[in-house]
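These are my notebook entries on a single chain and its ligand. I set down each item as I looked it up.

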Amino acid sequence: MMTGDCVVRFVLMLCCALLSANASNWLYLAKLSSVGSIRDEETCERLRGLIQRQVQICKRSVEVMDAVRRGAQLAIEECQFQFRNRRWNCSTLETMPVFGKVVTQGTREAAFVYAISAASVAFAVTRACSSGELEKCGCDHNVHGVSPEGFQWSGCSDNIAYGVAFSQSFVDVRERSKGQSSSRALMNLHNNEAGRKAILSHMRVECKCHGVSGSCEVKTCWRAMPPFRKVGNVIKEKFDGATEVEQRKMGSTKVLVPRNAQFKPHTDEDLVYLEPSPDFCDHDPRTPGMLGTVGRQCNRTSKAIDGCELMCCGRGFQTQEVEVVDRCSCDFAVLLKAGMTECQAILYNMLLAMMVFLGMITGILIGHYSMCRWTLHVCGSGGHGEWTSVPEPERTIEHTTERSPLYAPLNTHQ
Ligand SMILES: *[C@@H]1O[C@H](CO)[C@@H](O)[C@H](O)[C@H]1NC(C)=O
Ligand SMILES: *[C@@H]1O[C@H](CO)[C@@H](O)[C@H](O)[C@H]1NC(C)=O
């Protein structure tokens, strides 16, 4: 009897400990597909990944939740963009937590994920305020009057204060609760705040000129958030320069201080982490999300982390040839356009859709479309050293006009 009770308690405690490491489970909202999917208070109860206090916030602010969902998606997209050339590339799972166990340790990667997600919620909610889709908030009316530079504040200034406050209450809720003064909670809170600062300290002034033929007699301006890509770049830079910290007791409070006393203390805008990262080289079935780098593309000439040496962890790589059907300069439509009148332009517009299709077929037939060949390098699974010139499997990507920067032209053929 007694032991059974103990086991149950132990399991419960273990579950609690595991869950509290996953304060980012709300990111699972990104997996909800349709717009307007969070409509009423009842939906809040059914959302996976929210803790009880987040469900309460959801019920109080149902109209904001769609922006939170978009924020979660934005965070994942930006993480995947910023980490596209790293061994861990932010790939998500269909289960919770979305990044698997990779961000449950207090690593640099976790610091990035927390910062970018706190920022993305502040960003998406602020966007929703400005677009007029929310009743609770709108543009920032504290920005008005004439500026010292002589322009008129006008138009919709982004209400970043509202977005930041919402992010603080929703994203930080688990760590802000009583008794959460673990080093991990402090780390998360610090990084969440640093993420929001990346927006706050890069707010910009956007202006419009009024007056005859574009002269700037009257200038009206508004405060706007930076594009989210800029926010991602800032946080990625902070990731590269993140500080390893440890918890120290200062009087009655606990603070995080650099582990290496020679380093200068981190600022509010820097990211901090507690544990070194794993090398992310190998697939580990016991660690969901740890996919390893087998099959990843790498850059043969780079000495950085995207280079084949580091990306493939010294296991060697495979060289593949890829063929791409591409539009060449003597395009069908360009030929047609020469000497075209305005009247013909209307007809041209109507025919354009057909032309694209016909043009492609004739193009291939008479050589207006060309086959471009690219080589790409892909991490191998080890044991064979370096393989080269393995022409299969040959893949053909039709109609690709954008090229991934990882593809190198074939003149580097060996
Ligand atoms: C990340 O890398 C894995 C292989 O390790 C690959 O399957 C996945 O598609 C990549 N994800 C993204 C988002 O690039
Ligand atoms: C590969 O790395 C080299 C050296 O860093 C760089 O100059 C080049 O642009 C990279 N190639 C691609 C396709 O990204």
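**Entry 1: β4 and its partners.** I looked up Thr-243 and found Val-272 of β6 opposite it. The two strands, β4 (residues 243–250) and β6 (residues 272–273), pair in the parallel sense over two bridges. I counted two strands as paired if DSSP finds at least two bridges between them. Strands are DSSP runs of E with at least two residues, helices are runs of H or I with at least four, and both are numbered from the N terminus.

On the pairing of β4 with β5 (residues 253–258), I noted six bridges and an antiparallel course. Gln-247 has Leu-256 of β5 opposite it. Two residues lie between the strands of this hairpin, and Gly-251 takes a positive phi near 65 degrees.

**Entry 2: source and numbering.** The model is predicted: local features need pLDDT of at least 70, side-chain atom pairs count only at pLDDT 80 or more, and totals for chains, interfaces and linings use all residues. Residues are numbered from 1 along each chain as its sequence is written, while chains are lettered from A and ligands numbered from 1 in the order in which they are written.

**Entry 3: the three-stranded sheet.** I traced an open sheet with the strand order β1-β3-β2 and mixed pairing. β1 (152–153) and β2 (204–210) are the edge strands; each has a single partner strand, so one side of each has no neighbour in the sheet. β1 runs parallel to β3 (residues 218–224), joined by two bridges, and Trp-153 stands opposite Cys-221. β2 and β3 run antiparallel with seven bridges; there I recorded Lys-219 of β3 as the bridge partner of Cys-209.

**Entry 4: the chain as a whole.** I listed 12 helices and 11 strands. Of the 414 residues, 32% are buried, that is, with 20 or more other C-beta atoms within 10 Å of their own C-beta, placed from the backbone. Among contacts between residues at least 6 apart in sequence, 74% join residues at least 24 apart; a contact requires C-beta atoms, placed from the backbone, within 7 Å.

**Entry 5: nonpolar cores.** I defined a core as a set of buried Ala, Val, Leu, Ile, Met, Phe, Trp, Tyr and Cys residues joined through C-beta atoms within 7 Å. The largest has 68 residues, and Val-68, Ala-111, Ala-115, Ala-119 and Val-125 have the most contacts inside it. Elements giving two or more residues include α4 (62–82), α5 (108–130) and β6. The largest share, 16 residues, comes from α5. Apart from this core lies another, of seven residues, including Cys-298, Cys-308, Phe-317 and Cys-379.

I then checked Ala-111: leaving aside neighbours within four places in sequence, its contacts are Asn-191, Phe-239, Ala-242, Leu-271, Val-272 and Tyr-273.

**Entry 6: helix α4.** In α4, 15 of the 21 residues are buried.

**Entry 7: ligand 1.** Which residues are around ligand 1? I found Gln-80, Asn-89, Ser-91, Leu-291, Thr-293, Gly-295 and Arg-296, taking a residue as near if its C-beta atom, placed from the backbone, lies within 6 Å.

Definitions and conventions
Buried ≥ 20, exposed ≤ 12 C-beta atoms within 10 Å, placed from the backbone. Contact = placed C-beta atoms within 7 Å.
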